[in-house]
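Here is a short note for a colleague who has not seen this structure before. The points below can be followed with the model open alongside.

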Amino acid sequence: IDARVRELMTTQFSEHIMTKYKLTNVKSLLIKGQGCAICKSGYVGRLGIYEMLEMSEDIKEMIMQNMNATQIKKRAMELGMKPMIEDGIVKMLDGKTTLEELLRVVKE
């Protein structure tokens, strides 16, 4: 991983995520898109990364109490919601996308 990408990882991924997914020494797990003669991107098709909030009774109550989005997201994650960045990391580690593409998307 070049220095620019390593720097992006440290700014985009929390220490918790780096530890949870063992990303501190991830270079042996990563793939690199090869591209084709025409587009040179290394990617074919589209792959979504998602973050879905299940409307539990706890979350409904928090919304009714006009709690802020940060508090609601924190509680949703306690209840098992996976943030979008983690969905992307799982897909990257499964070889479905690259680290560079994930960092490009989450930076936008």
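1. A helix pairing to start with. The model is predicted. In it, the buried residues of α6 pack against α1 and α5. The residues of α6 that count as buried are Leu-99, Glu-101, Leu-102 and Leu-103.

2. Overall make-up. The protein chain has six helices and zero strands, and its pattern along the sequence reads α-α-α-α-α-α. Of its 108 residues, 27% are buried. Among contacts in the chain with a separation of 6 or more, 62% are between residues 24 or more positions apart.

3. Geometry of α1 and α6. Two packed helices are described by the angle between their axes and the distance between the axes. For α1 and α6 the angle is about 45° and the axes lie 11 Å apart. The angle therefore makes α1 oblique to α6. The crossing in which α1 passes α6 is left-handed.

4. Residues in that contact. From α1, the residues involved are Val-5, Leu-8, Met-9 and Gln-12, and they meet Leu-99, Glu-100, Leu-103, Val-106 and Lys-107 of α6. Sorted by class, the contact of α1 with α6 has six nonpolar, one polar and two charged residues.

5. The nonpolar cores. Which residues have the most contacts inside the largest nonpolar core? They are Phe-13, Leu-23 and Ile-89, in a core of 15 residues. At least two residues of this core come from each of α1 (3-12), α2 (15-20), α5 (84-93) and α6 (99-107). Apart from this core lies another, of five residues, including Ile-59, Met-62, Ala-76 and Met-81.

6. Phe-13. Setting aside residues up to four places away in sequence, Phe-13 touches Met-18, Leu-23, Ile-85, Ile-89, Leu-99, Leu-102 and Leu-103. Two of these partners, Leu-23 and Ile-89, are listed with Phe-13 as having the most contacts inside the largest core. Leu-99, Leu-102 and Leu-103 are also among the buried residues of α6.

7. Ile-17. This residue is found in helix α2. Is Ile-17 buried or exposed? Ile-17 counts as buried because its relative accessibility is 7%, and the cut-off for buried is under 20%. Not counting residues up to four places away in sequence, Ile-17 touches Leu-23, Ile-85, Glu-86 and Ile-89. Ile-17 and Glu-86 are 69 residues apart along the chain, and their C-alpha atoms are separated by 7.5 Å.

8. Asp-87. Helix α5 holds Asp-87. With a relative accessibility of 13%, Asp-87 counts as buried. Which residues is Asp-87 in contact with, leaving aside its neighbours within four places in sequence? They are Gly-48, Ile-49, Tyr-50 and Lys-82.

9. Lys-73. Helix α4 (residues 69-78) contains Lys-73. The relative accessible area of Lys-73 is 35%, so Lys-73 is partly exposed. Leaving aside its neighbours within four places in sequence, Lys-73 is in contact with Glu-51 and Met-81. Met-81 is also one of the residues in the core of five. Between Lys-73 and Pro-83, 10 residues apart along the chain, the C-alpha atoms are separated by 8.9 Å.

10. Backbone points to check. Most residues other than glycine have a negative phi. Lys-22 has a positive phi of about 55° although it is not a glycine, and the phi of Asn-66, also not a glycine, is positive at about 55°.

11. Where those two residues sit. Lys-22 is placed in the loop between α2 and α3 (57-64), while Asn-66 lies in the loop between α3 and α4. Lys-22 is exposed, with a relative accessible area of 63%. Asn-66, at 70% relative accessibility, counts as exposed. The cut-off that places them there is over 50%.

Definitions and conventions. Residues numbered from 1 in each chain as written. Predicted model: local features only at pLDDT ≥ 70, side-chain atom pairs only at ≥ 80, totals over all residues. Heavy atoms only, no water. Core = buried A, V, L, I, M, F, W, Y, C linked by side-chain atoms within 4.5 Å. Buried < 20%, exposed > 50% of the residue type's maximum accessible area, 1.4 Å probe, protein only. Helix = DSSP H or I, 4+ residues; strand = E, 2+ residues; numbered from the N terminus. Contact = heavy atoms within 4.5 Å. Axes fitted to C-alpha atoms, helices over the stretch in contact; angles between N-to-C directions. Parallel < 35°, antiparallel > 145°, perpendicular 65-115°, else oblique. Left-handed = near helix turned anticlockwise from the far one by under 90°. Nonpolar A, V, L, I, M, F, W, Y, C, P; charged D, E, K, R; others polar.
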